[in-house]
Every structure is written in structure tokens, then in C-alpha cells.
Number of protein chains: 2
Amino acid sequence: MDGYLNPESADFESRPRYYIGQHDSHRPDAVTDEQYHRFLNSGFQFVTTPITNQHFYDRVVELYKTHLKEREAWGLSDAHKTNQSLPGPVVPTLTNKDTSYGPSNYVGSLVAYASPWIDLSSEDTLISSISRQVLNLELAYAAFCGARSVIIPGPRQDENGRAVMQYARAIQEALDVASRINIIIQMPMFREPGLEEVDLTLSEVFGPTKDKTASGPQEIDLFSAWDSWNSVRSVCKYNNRLFVAIRIPLRAPEKDLQERWFSEPLHYLTLSSKVFQLNKAGHPTLSRNQQDLINRYMRLKNSPWLLLSDVGSDDTDITTRKAEENIVDFPTLSEAANVPKRSQFPPLHPYVAYLKHLEKKQPPFTAMEAPALVSFQDWLQSPLQPLADNLESATYEVFEGDPVKYNQYELAIAEAMKEWKTLAKPVSSANNTNLVVAVAGAGRGPLVTRVLRAAASTGTAIQLWALEKNQNAYVYLLRQNELQWNGQVTVAKTDMRGWPGPDPSRNAKVDILVTELLGSFGDNELSPECLDGIQRHVARPYGISIPESYTAHLSPIATPRIHADLSGKVLLDKNAFETPWVTRLFQIDFVAAEKVPGHPRFQQAWEFVHPVEVSEADRFLAEHGASARYATQGTGSMAGSSGTNEHNARHCHLTFVCRTRGVVHGLAGYFESVLYRPREAGREKVEISILPDQIDRKSRDMISWFPIFFPIKQPLYFPQDAELEVSMWRQTDDTKVWYEWIIEAYAWAGPKTRIKVGASDMHSSREVGCRM
Amino acid sequence: MDGYLNPESADFESRPRYYIGQHDSHRPDAVTDEQYHRFLNSGFQFVTTPITNQHFYDRVVELYKTHLKEREAWGLSDAHKTNQSLPGPVVPTLTNKDTSYGPSNYVGSLVAYASPWIDLSSEDTLISSISRQVLNLELAYAAFCGARSVIIPGPRQDENGRAVMQYARAIQEALDVASRINIIIQMPMFREPGLEEVDLTLSEVFGPTKDKTASGPQEIDLFSAWDSWNSVRSVCKYNNRLFVAIRIPLRAPEKDLQERWFSEPLHYLTLSSKVFQLNKAGHPTLSRNQQDLINRYMRLKNSPWLLLSDVGSDDTDITTRKAEENIVDFPTLSEAANVPKRSQFPPLHPYVAYLKHLEKKQPPFTAMEAPALVSFQDWLQSPLQPLADNLESATYEVFEGDPVKYNQYELAIAEAMKEWKTLAKPVSSANNTNLVVAVAGAGRGPLVTRVLRAAASTGTAIQLWALEKNQNAYVYLLRQNELQWNGQVTVAKTDMRGWPGPDPSRNAKVDILVTELLGSFGDNELSPECLDGIQRHVARPYGISIPESYTAHLSPIATPRIHADLSGKVLLDKNAFETPWVTRLFQIDFVAAEKVPGHPRFQQAWEFVHPVEVSEADRFLAEHGASARYATQGTGSMAGSSGTNEHNARHCHLTFVCRTRGVVHGLAGYFESVLYRPREAGREKVEISILPDQIDRKSRDMISWFPIFFPIKQPLYFPQDAELEVSMWRQTDDTKVWYEWIIEAYAWAGPKTRIKVGASDMHSSREVGCRM
């Protein structure tokens, strides 16, 4: 049928697939075989089904009524009118009259739907007890029959927050009652007047009538539905069998809310017929904003399924709506063309047809959405230990496969060579006019190649060193020098920190030192410590380090998915929440507002600049080796340290502003680097960046680095108009380097009063720190 | 000297002891032998000493200045003015010129005092780095010398909350650097203008001068000092070597703040000479409020030590102050009497003399403060498993030792007998005019004795049963019946739930059922389930259960001490934070405001009433045994249950109001019980209660029950004007009973906007639940 189903087609898998289902909120009993197949034939891929039927409902209502009468008959004394000791009714188990749902060969393709008339959080303890019993009976039976997932109507609007915990507790138990199936909570994106709570619950059938319109038009609280969901899944400890189905609203809400739901475990997007508009030809359509919303969510690695709700089993709904809206029916040519096939292949359901149209209209996958890259989304990698471990050739090959990065390096090297010739060469000693370049940590030599190319393009005579501590890569470098570099390179097998320099007898210096030691957070793979160990060989004052400097950047994020992942990992690895993870962050929500003067979404934590200025005393010590320093050592800031690496410790305190309420699971970390900063005014810096708001401008399509993620163990909730105060440290005890981080939440209570509302634990990667 | 030092004296240990020390904030070097002994002779019991001296200070200042000059000399470019890469100075280790402090035979009696001029949270990274190094050098050296504790000046006022985390992190490390000594943070009770920050730190010496008075008179934020302390100890994870020393203020602050500090690990109360007033005779005195404050703190199990600060080594300070205040010196008779001893025993330091006077003026220990009871303060006991385990005789003996409880029971039984005779006897069958009483769970028989006494006092003819499941206690009961009760009692060895009743063949009933199955939280030892199992034998409608009803009550509390204790316990017992602990709560702070209409400090969670009304269907089932019920069982609310105990499940949602900001560590639980509720109007209920605000009125001096404590794992911080929403459940799956609890914090941001600010985890004692 469609191109994307044909592997030969150019369309194949070039955009996300839609998986479309049908839900009828008034279906009186389980879906029959005949119904099921009719839905499949009209283009649906799955169907929902109630678990129990009207007979069961009537029986439960009767049970409740009888109990009320009995209660009345006891004529309780005033003192005990509210006596909870009175035993409430126990809902008897299901019989075959209560349900026609059962095992079948397609039961796994049916999505079971829990009875919408239960009220798990009713203030009437009888009703909430009956509701829990009904839910547990239904879930246990659905699990027995082979259901894979059950949708449960979400908690009702809960103005004073009293009820949601009862609801949450019932769901927590439901996950135990049905210990293998997925539970999906049906939520609105926000509680939109007119689209809310169509089903009457037991509480509403029996309780005092609440005049919902009496309070008049209220301000819509956009985040209240998300808030309820957050309470439920928090009580359920981010259980990985708990998902959310969100109702697409009539009007797509503000971006902040859309992105919030983007980060949540979306299993379904439900669309009722009400959210579609009929166009002049009588076809159902969605607005541009609604389409964008769906397109956005479809880009998730596990894209949500679409559930059409109350759209009927055929086009009756459309016919009725057309009649109401006085739309005269003119079939289009393509529809007319369908007519002959009608008897054999029933036409697509009109809403399905429209969604299939939208499916094809989606923008195709970009290069960054290639399946190989998508598989890395939100997947946690432990950071490298580049100093302690030797890398394998394949790892080098991955790093080398990023042309953007090496192009920027070559540009930086060429710029440095040009400027060096104007500034430094005239004052350097006449005996040595060749520019001395050293590539330290050369690996398999990609930067060596770039240095040679830069020298050629700028016509610079150079003397080139390649240093490498990995004895295996050293072999490769020697071979490269023979085969590719015409023996122009002096290859040395050495840790750069122990290198005696280009010509120790003459105390010769390096003019340009080139390294690629940067990690996702800039300094997290110990670039500062490595460069400290070699910088005594850099000529002063005109010696150049490429990179010249790098900065680390942070932004607080919500990432329920990674939090759930870590909650599992921590059972095997007690440091899971104390580890900075390298990960391609994707299904996340940046909780900080984007454009607040002085408090941008991405903020710089700190900077490292090379070569480092050192005091005369330190220079003396450096010349005479590190051991000389121990003669005058102190204690440093950390237990067990002697202060020798104290100058590479860092601390920052950043304030992020959050407009809407939310929850933070940790900090996303990024870096930027100035590879070369011209000394001459007016010339441009050569930079690379992985900051989301800078990468396209500074190093578009650079894929060498994913971001880093600093988790917090306990998700930190914050109210609207909050400020997150982030304290972060780069710590060192002279033998290793690690990070520490803590987030505090403040809120504005009135224009002048800032109140603290909570804080995370102090986190530390000391136990998994990077060894020097 | 004083009576309390003499074990023969009546005063001996009848009131808390004062332990008085001396601190001089301007002492230029370590205390010498001669000074130390002079202090002891003038009445002090310990002395503080600086660790380093002026020489060290000068050296550090010089180091800092030299570094600044060097920095200037580098003439950094604008781009890198803030370059943190510049290595800061490493403070060299101490030499013998830097300190005269050292090991001595009294070093353990000296309290080391860290240099007050460091600023651990300076925004100048050089100063904060130097400060951390200085602190670590001093601590490491003090630990080497044998110091047991070091006092560190607390964090400075921190208006925007940016600095305290740096301070906290340094203290966390300090606990590692000095891994065996106690660290005491010196804090004011609140930041009182005029008494603050007397010492200049490095930052103030070198930083831009802040005009402290420019901002004019500010509103005092009473809780900001406590808030800083809370941040520090939270980062240090409630380390049990971390204490606080609080400065007694000029004016005792409001009760809320006093009680907050009462709950903290107070090690010292420091009193500077400024907080004393001179009376007309020139003697230093404290106000009534200050005295009350000290008296209150001295009642702690580990009462704090008193540290007199800057009061001089003799009476010079008094002389100066007298001169300033024009007070003419008239020695009192007792002072005149001291004169002859002057040469041999130096007179007490005037401030010490006054404190010793206050010490003697303290109210003596009450009965409830007897050493045996004090040792139970905040000590955690696991709740009993009375159904699953058999108690030992000694345990019964403890329970029996509370006359208050049994007196109330006897009163209730007598009242019930009297009323039964007017109401029930006239309508009961003529054949059986004896009142049938059953004591179920009779133990060693204290209630049997009380029933017999009540029958005698009311002239009631009774037929008395004693039921006991513990075969060992059964032997004791038989013996008692022979020796004490003249064989008036029918003793049966049976679980009350399996008892066939007083005369199964005639289907005879019990008129008064007496039990003592209550736990600290009322229903936590399964009284409801036990009574369910026997109530079918209670006559209707006039049968009586004593107790007639009981209620459970809650209040959120701060209890850092128990939290710290549990943080240790949890390493060995993963359920430590999921266990309701029975404990004599003492060093706690009730965080809820006392008198808020509708939201009192202590709120009722739920109630149980006996006998329970049951439906006809249930009555039939009960008569025919529990097994009949399984024929129609459901699922109940809990996984694995069939709903048979569903009526003993409970849920409550309570709202507590907190005026001041604070932290909550869990819920204190209590119970009240109506032993007998007269059916006739106008007669008084017979009650017992362990509620702090009710016990004195309802059952004064009753010691049978300590409160229960429901902990939360993560302390929950809340801002001022907060509301704590407590959800609690009594859950059951027909095989056991357990509790679940969660606390959510809301705050008022403006008069109409209530915002959620955080929540605890959902806690559950399911794994340690009470087996039925």
C-alpha cells in the first residue's frame, strides 16, 4: 500500500511510523471477534476493550446501595456517625456474566481499559474501597487473560491536593496485583474546560451534586494535570511499567507544557473526535499547532501510539457532524476512485485516513536522526579513564570519524602558524627559525596529519613531534610516519607529563602544542592536569596551546527516563547516582527558562586557560620536577591531598530561573572550547561547542561528543517562579579528580520574599573519579 | 563544696549539672599550663585554646599579599581577568613557630578553637581556598595532639544563600580530615544585630568594605541562623560527630526558635559577658527568660556545656563594667566570708559563681525525669508482635506496674456494671441473671483482679472468664485463681479468636468483654483484629467492650537525633526508615503550630469502635466461621488479599499548619481510648490518653505507653507559612497489618496561591508489619 511498508521504496523508514488504535468510551462489553476484525479492516492497528460489562456495574451499584440501607437500619448513635469500623461491602469475584473478555489469539493486540466509573480517590471511604477492589479484580483478570497493557482513567481534578495520594497508592498496588503488564494512566495534557471528565464516577452517581459551573470561569492551571501525574509516578517510584496516555487538546498549549510531556513516558496520544475540525469538504483535520505537537512527540525513540477516541466504527460520526455543520458532501477524485474497491477492501476510517495523510507529511529523518544515532538517545555510558586505560584502535577510529572537529583544529593550527610568524618569529633566536609543533596524545595521528596540512597551506617550515603513551598506538604512528608523513615527524613513546622536551640539552621549547584531551564537560578527562605536566616545554611568552581554553556549562533538566534507568542501575552499582554519565540527552525537558537576562538556560561553570601562568617559585619547582614541591607541601582542601593540584580545583554557584513548576533530575553538562584565540585584535576565534544553542553556529554537525549528565538521587520538585541554585565543584586530592554537585530550590512568595523550598543531597563522584 | 558533689547529700544528682568553660576570642596563642590551672582554680572545668598563633596568621596574610602582587605583575589580558587557572598559594605546613599548642596530659580537657579569621565561603576563590587549607592544617594538627573536639566559627550571614554550601562542603571534608574528633559549629541562636561577627575574616581584611549599616534597620530573620545550620548538617548527612554551639542572646527569642534548637545536637551554650546585666550590687545576672532558656536545655539527656566567652581570667571585666556603669562595690556577707580563704583557694570567677548559683536554683528532677526513664529518651524500640510472639513474665510485670492505667480500667468496669444493671438486666432472660465478664488476653491477670474488685464495689454477681493463648501465662493464671481469686474465675487456654464462647450449647453471650490490646498508636498491636475474632460472643444490643473505642493521633515533628540514629541503623536494617518505632520522644520539635482553628497540633487519624456492627450476611458468616466467607471472597484493596479484613483498613488525610520554616523527620503517633462510654446522657466517659496535651487531664502519670514514631527517610524541608499534608493508611492483606505514610509540603505564596514545595517518599511498614 504505502511506500514506507516497502523496503525498496525511497520512503521506507524515512520518517516515524504511526500506529493507530480505536477506543470507544461507551462500549458496553468486550470487543467481539467480528468488531475487532472490522476495525482492522478500516485501518486501525489495535482496539481498546473494556474488561467488565454493564452487568458487573449494576451488581456493584446494587452492592453499594444495599450496604447504605443496612447502615441506615443500624440507626447509629450520633457519636459514631462516621464510624469507619462498619465493614464495607467486599466486591465478590467476577463470574462469566460480568465479562465477555477472555483469552484469545489476539488478546495481546487489544488494549484493556479499566472501568471509568470507579473513583479511587473518593472522600467516601466506601466508594474508594469498592473502586480499589473493582480495579484489582479487573487487572488480575486482564493479566490472567494475557493482556499486555491496561489503560486506567487518571485522577480527577483535585483542587486542594488531598485526593491524588489515594489514587497514587491504588496504582502502586495495581502494579503489584498485575505484576507483568503495563499500566497506562490516561491524562489530559492540561485540564481543558469542556473536554474534562466525561464519565460519571460512582462518587458522582451517589454523592452530593457539585455544581461545576457555579464557580464561574476559572483560570486554567496548565500544569495541574502534569502535577497529578508526577505525584502518581513518584509514589510508584518511576516504575518502568507505568506509562502515560495524554489527550491531545483542542488548542495546543504553550511550548513549556508540550516539552514537559515530551520528557515523560508517553505511550499513547489520544484524540477524541472533538479535537478535529471538519474542513469545507467535510474531512476531519487538525490545526497546524496540533500537527506540530504530534510530529514532535513522534520523534521519540519509542514514539507514542495514536488512539482515536469515540470516533465510531465507521463514518457515522463524520456524517452526523457534517449534518450539524451543514456541510454538503462532494467526494474528491481519489475518494471516487476508492468506490469500486469498497466491497473487497472497506475504505479507511475517515479519521485514520487523515492521520495516515499526516504521517506521510512528517518531515523526513535528518542525518542526526539516523538509526545508529537514535539508538544512543538517553543511553548511559560511563566516562572514559583515558589516563589510566589505553584506548583501542576502534575507539580512536570513532573519534577520527568527525570531520567537523578536525577541520576546526586545522583552521586553528593554520591561524596560529600565521600569527606566530608575525609576532614570535622576529624575536626568536636566529638559530632556530623552524616552528616547533608537538602533538601530545597523538593517538593514531589525525592531528599530526592536520598539522602537516596547515603547515603546507600556510607555507610554514616546522619541526613536528608526536607524543603518545599508548605503546600500541605508537606502532601505528611509526607506520604512518613511514607511509603517509614521509618521515617528517619525530614520534616519541611517552606520557606527555614525562617528556623531556624537544631538545633537553639546549632547553628548546615548543611553539605550538596541540592536544585533543577534551571530554563532554571540557576538563572531565583531565586535560588541565595533562597540560600542566607538559607546559614547561612551551615557549614563553609566544608559545601557543591549541586548545587555548575551554569552558564547562550546565543546565538543570527533567529526565524521568534516565532517572528510572538509574533507579534500576543503582541496585547493582551503588554509585549510579554519583556518576557523571556521558549520554545523548534527548527525551528531556530543560526546566530553566530560556531567556532571562543574567540567567540564561545554559550557564558557564568555569574555565581553563593554557598555558597556565605560574609564579616564579612554581616555575622553579616545575623545572626541577614535581618532587621538589613536596618539600613545602600543605594539606590542600581535600583530606589526604598536599595541595599540588589545588589550582585545578574549581567551584561555581549558578542561579537558574524556572517559570513553571516542575521537577529536576539532574544537570546536563556541555563544553565549549576556543581552539585558537588570536592575539591581534579584530581577528576571529576558532571555536568548537556542543552547547545546544551554540553548536550550529560554532561547529555544526559535530558528533564527537555527547553531553554529560550529573544525576541527583531524589528528584527535586519546585513550584512556579522558582530559582534553582546550583553549586558545583571540581575537586582533586592530587591523585584523582572528581565532581560534586547540589541543587537547592527557592521560590518567590510575593515580589520580595524568596523562600527556600528544598534541596538535593550533596552528590560526589569521588569514588568513581578520574585517576591522574 | 556543693551538695551535689556529695553522694550522701539530698541534693545529689537531683538536678542537672553545669559544666562550665572559658573562652577568650582574642587569646594570641595556645593556653599555657599556668593559665590552664588558674582557670581551673577559679571554678572553670574546661578552657578553649586557639590551635595556631599570630605568627601563623601573619604568614598566611603575607602569602596572600605576595600572590596578589605576582598576579598583578602578570598583567593579564582583559579576556582572562577572572582566570581561575592561575595557581593560588599552597599554605605550607605548620612549624613550631606557628603554634605552641601540643600534646599534654590535659589536652583532652582543652577545647580547640579554629582560627576565626578564615572565611570558608568567601566569593574570592583564593581566600576560600586558603581558608580551607588553614582549617585542614589546624584540624589535622589538633587531632594529632589528642584534641577531642574543635569549635569552628559558623557561616557568616548569607543573604542570598549562595555561600553556605561552600561552607558546608568544607565542614564535610573537615570531618574526614579529622576523622575521630567532634566538630562543633559555633552559631548564634539568631542573627542578633550588635552581637554578630566580631572577628574580621580574611575577606573583610582584604575585600571591598561593606557598609553594614547602610541598609538601615532590617527585619530580623529569626530562623536564618538555624537555616544555615540545617544546610551544613544536611550536607554532612547528620554526622554524629557534628554538633552545634549556640550563643545565648541578649533577649531570649520566641518559643518556636527555642524549641527548634532544643531538638538539635547542642554541645555548648556560649555566653559572652555582654548578655549578662550587672545588678545594683555589681553582680552579673541573667534575665528570667535567659534562665528559663538555659534550664530548658539543661534537661536534655546530654545536657550542653556552658562556655563563658570573653569574661576575662579574673574579675577585671566586672570591675571595668562597674566603673562604666557607676556601680559602687558593697560585698555581700557571703562574699565577705570568702575573703579569708582568698590566699589558699582563689575565689570563683564572678560569672562562674553566678552560674553555680543558677545551677542550684534549677527545679529538681520530677518523677518522670528519674534516671531510669531518662535513659529511654529517644531510644528506639521495635514494636511488639503480641499475636505472633509469647511475652515473657517480666514484660507482663512492666505492663502491670502502671497503677494509673488499671485504676482507669477498674473505674470503667464498675461504671459498665452499674449501667448494665439498669439497662440490660431487666430485659435479659430470667435464667441467667449473672453478669458474664470475659477478660480476653488476660496475661498474668491484672484485669481479672480489677474485674473482681469492681464487682465487689458495685455489688454485682458475675460469672468471670479469663482467656489466654500463652500457655506459660496460663499456668500463672491457674495458680492465681487458686491462691488469690478463690477459684471464682474460669481460666481457658485459648486464642480469643478461637474461643467457642461461655456456653456453646446454650449459645450464651458475654455481657462485658475486657481487653488490653492497645499499642502506642491504639490499633497497632491488632486490637481490632483480635476483637473481631471474639465479638460474636458479645451479647446484643447491650453487650459492652472495654475499651469501647480508641483513636490514633498524629503530629509531624523534627527529631534530628532520631534521624541520625536511623541513618546509622539503616546500614544494617534496610527497613529502619519503614518501621514505626516505639520511643519516648523527648529531644524533638513539634513543627505544627499549636493553636490553629481546625488544624490543631495533634490530629486524629481514625477511630475503632467495639463491638462492630455487622451486616446480617457477615453475622451469618461469623457464626459459621471465617472459612464460610472464602466462598464469596473478592480481592480487597491489597495484592494477595481477599477482602476479609478490609473493614479494618483505614485512611486519613490531615493538614498541619507551620508558621515558621523548618524540617520534618517524621510523624509522632499517639492514642486515646474511651474505656467506657455511658449510654445514659450526662454521665462521664472513662478515658486514657497518651496525647501530650491530654495525658495530664485524662490519665496523669500513666507510663505504660511511649509514643510511636513514623520516620521519613529524606528530611522534608518546608518554608514559613507552610502546610504539611499527611496521608496515612492502615493497610491489611488478611494476613498482616501495616501502615503507610507520606508527607507533602505546601506553602502560601501570597494570600490566595498555595504552592506545592515538596514531598517525602511513600513509606510502608509492609515488610515489618504486624502478623495476624
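**Close-up views around strand S26(A)**

**Glu740(A) lies opposite Ser764(A) in strand S28(A).** S28(A) comprises residues 763–764 and pairs with S26(A) in the antiparallel sense over two bridges. Strands are DSSP E runs of at least two residues, numbered from the N terminus, as are helices (H or I, at least four residues); two strands pair if DSSP finds at least two bridges between them. The model is predicted, with local features requiring pLDDT of at least 70 and side-chain atom pairs pLDDT 80 or more, while totals for chains, interfaces and linings use all residues. Residues are numbered from 1 along each chain as written, chains are lettered from A and ligands numbered from 1 in written order, and side-chain values use heavy atoms, without hydrogens and water.

**Strand S26(A) is largely enclosed by the rest of the structure.**

**S25(A) and S26(A) form a hairpin with three residues between the strands.** S25(A), residues 722–732, runs antiparallel to S26(A), and eleven bridges join the two. Val726(A) has Ile743(A) as its bridge partner in S26(A). Within this hairpin, Asp734(A) adopts a positive phi near 80°.

**S26(A) and S27(A) form a hairpin with five residues between the strands.** Five bridges connect S26(A) to the antiparallel strand S27(A), residues 754–759. Glu744(A) has Ala759(A) as its bridge partner in S27(A). Gly750(A) takes a positive phi near 90° in this hairpin.

**Lys736(A) stands opposite Arg771(A) in S29(A).** S29(A), residues 770–771, is joined to S26(A) by two bridges in an antiparallel arrangement.

Conventions. Buried < 20%, exposed > 50% of the residue type's maximum accessible area, 1.4 Å probe, protein only.
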